[in-house]
Amino acid sequence: MYLQGMDCIVTGGNVKVLAKAIHSLSRIGDELYVEPQDDGLALRSVNSSRSAYACFLFAPLYFSRYTIPSENVFRCRMAIKSVQAVFRSLASLEKTVEKCHIVLDKKKNRLTFTLHCKHGLLKTHNLSFQDSESLQAVFDKDSCGNVFKAKSRLLVDTVMHFPSSLDEVTVSVNADRMWFRNHVDEETESKAMLTELCLASDEFDEFSVQDHSSITFCLKELRGLLVFAESTGLPISMYFDEPGSPVVLSVTDSVLEGNFVLATLSDDPSQRKSNTKRAQTPPPPPPDDDFMNDDMDSYLIAMDTSMAPGPSTAAPATTPLAEYTSKPPVAANHRTRIHSDDEQEEDETSETDGPPNKKFCSLFFGSVLPSSSLMSTQPLTNQEVLASDSEEDS
Amino acid sequence: MPLSTQSQADDEQYVLVASLDNARNLSNILKAITFKDHAIFNATPNGLKVTVEDSKCLQANAFIQADIFQEFTIREDVVGFQVNLTVLLDCLNIFGGSIVPGLSTALRMCYKGYGYPLTLFLEEGGVVTVCKINTQEPEELIDFEFCSANVTNKVILLSESLREPFSELDTTSEVLEITMSPDQPYFRLSTFGNSGNAHYDYPKDSEMMELFRCTTTQTNRYKMSLLKPSTKALALSSKVSVRTDSRGFLSLQYLVRNDCGQVCFVEYYCCPDEEVE
């Protein structure tokens with residue numbers, strides 16, 4: 001009898017790559033979002049401040065068996081540490097694990113990983129999970145003006161020069177060069193050590209610059225991808241536009257695709273160029289207020305958390321936005337806004353099947369790095385997170 | 001060697017004299033049972049037995065036979081004392097832990113009897129160190145009354161197959177459950193932690209299973225905190241025998257080969273966790 005959920009098998013070296021993907025997602029957030037899709041198994045993670053998102057999609061051909069229910073879209077999330085525990089000894093995975101059988105049993109609320117190892121040893125992990133809304137950042141890397149591709153070694157060697165404690169790095173490009181610089185706040189500028197590294201365009205496999213720009217993002221969250229890319233030998237592609245727009249880093253091969261989407265610090269809004277490039281699924285039509293003006297659109301990442309697939313419906317989507325605009329501006333820490341404003345509202349509906357057409361957009365702006373002092377100088381409307389993913393716990 | 005130039009007269013004061021050319025043959029095996037500070041030493045003409053106990057539920061014993069020692073002289077039938085094991089190990093490693101080929105620490109362990117400290121003469125590269133460790137009255141050891149006649153299930157596994165699972169065991173699980181059965185799953189280790197449960201199954205016909213003798217299906221739970229320290233003994237050993245008796249008491253026996261290829265034994269006895277139905 002076919003159980004609702006998912007039944008797939010990963011064999012040989014692919015087990016280790018899957019494990020590495022999970023470990024690299026753990027560098028982003030604490031929870032793993034699992035969604036078996038027609039185009040493959042999607043594993044996603046997002047950080048607590050919603051400024052970093054990562055997704056690995058493993059195509060059906062990645063598996064020696066990939067069976068998902070034909071109807072009933074199913075999504076779940078679980079503590080990523082629990083999944084990491086299944087693949088604890090990475091080094092020996094290749095040598096000991098022959099295949100990994102993953103079964104998602106919706107009825108029992110269990111995700112079972114069975115590792116078939118050498119000498120007949122069977123390791124079975126039954127993990128509990130929670131139902132989840134979809135976690136999907138909508139971004140369009142193909143519409144980005146600046147596109148780069150390099151062997152992972154190049155970026156790994158570059159990043160190596162920056163201390164592991166460094167949070168933010170600034171990447172600047174012109175027609176033939178890319179600079180990496182550690183980002184310092186104005187206040188600490190005089191005391192800080194500045195590190196700058198310059199890469200020539202010929203060190204890249206692809207170097208295409210449309211706008212000379214300079215973006216600042218969190219380096220820490222990128223390291224997970226770098227480790228993954230280096231160990232799998234895949235080149236890394238980088239896509240970005242002007243500051244405030246997210247930077248996307250990806251690795252692809254014929255059966256898997258990993259995308260790391262990181263928010264970037266935005267400049268003063270008055271200096272920002274308006275950007276008409278939009279996400280593939282357009283955000284809901286803006287309500288008639290200061291909040292959703294064209295300048296805002298240019299650096300939004302829409303996190304579509306609808307239960308029903310398809311284009312968003314305007315009415316419900318604008319409700320949270322409208323609620324936000326009616327509130328008075330608050331001090332900079334947007335994180336508290338996520339928790340206090342929307343969590344309570346959304347929490348009641350998070351674990352149960354909400355109304356089928358319920359949809360809210362969790363949007364985060366480019367400049368949502370809480371540690372940056374630049375935030376406090378920004379006009380408040382630029383910093384707001386309009387709504388957050390309903391099931392975020394804390 | 002300076003140690004061997006000690007006069008015969010000195011020796012007569014001691015009720016126990018044990019010498020090793022390589023102190024590591026003692027210190028390594030003691031590390032397999034160092035999860036508590038105090039250990040009880042029991043010497044007989046057969047050799048040395050060192051015991052560590054925990055919560056009256058767990059007992060670990062290390063056996064070093066007399067023929068492992070270059071010299072083993074005992075003037076009484078039984079010589080027993082208690083010492084701080086951590087201190088003893090620190091002394092045995094006093095010349096540093098690094099392994100330099102050809103260079104080893106020689107040990108001469110001497111004990112005059114009740115009330116006297118345990119004296120260690122350690123020598124490496126011509127340098128001699130004398131350590132005197134206070135001894136205490138040995139506490140009474142638990143008798144687990146584990147005898148072969150009551151053994152219901154027994155397996156012998158190659159340690160290499162258990163090492164990884166043991167080190168991976170979910171420590172958020174309060175218990176380690178061991179299932180032994182003539183039927184599936186044959187030999188299973190289970191944990192029940194915060195994120196779910198995990199099972200490690202060893203089939204009876206695996207190449208790692210050297211002996212499989214299970215008569216009845218038994219599932220017993222043991223406190224994880226008591227068994228986790230046995231991971232050290234597992235790491236040192238080449239094979240391990242797992243036995244349970246009709247009461248569910250567990251016996252783990254590890255075969256350890258020392259640096260010279262000689263065989264020593266470490267065993268753990270553990271009583272089952274009360275909560276099991």
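## Chain A

How many helices and strands are there in chain A? In this predicted model, chain A holds ten helices and 22 strands.

Chain A has 394 residues, of which 58% are buried. When contacts between residues at least 6 apart in sequence are considered, 71% join residues at least 24 apart.

## Nonpolar cores

The largest nonpolar core comprises 153 residues, and the members that touch the most others are Phe87(A), Leu120(B) and Phe187(B). Helix 1 of chain A, residues 13-25, gives the most to this core, namely seven residues. A second, separate core has twelve residues, among them Cys55(A), Leu135(A), Val147(A) and Val248(A).

Beyond its neighbours within four places in sequence, Phe187(B) is in contact with residues including Val155(B), Leu157(B), Ile178(B), Met180(B), Tyr200(B) and Val242(B).

## Contact between chains A and B

Chain A contributes 16 residues to the contact, and chain B contributes 18 residues. About 1,400 Å² is buried between the two chains, 41% of it from carbon and sulfur atoms. Of the area that chain A buries against chain B, 37% is supplied by His119(A), Leu121(A) and Lys123(A), more than by any other three residues.

Two salt bridges link chain A and chain B. Lys123(A) forms a salt bridge with Glu168(B), with the closest N and O atoms 3.3 Å apart. On the side of chain A that touches chain B, helix 3 (90-96) and strand 9 (122-128) each give two or more residues. Strand 9 of chain A provides the largest share, seven residues.

Methods. Residues numbered from 1 in each chain as written. Chains lettered and ligands numbered in written order. Predicted model: local features only at pLDDT ≥ 70, side-chain atom pairs only at ≥ 80, totals over all residues. Heavy atoms only, no water. Helix = DSSP H or I, 4+ residues; strand = E, 2+ residues; numbered from the N terminus. Buried < 20%, exposed > 50% of the residue type's maximum accessible area, 1.4 Å probe, protein only. Contact = heavy atoms within 4.5 Å. Core = buried A, V, L, I, M, F, W, Y, C linked by side-chain atoms within 4.5 Å. Buried area = accessible area lost by both parts, 1.4 Å probe. Salt bridge = Lys/Arg side-chain N within 4 Å of Asp/Glu carboxyl O.
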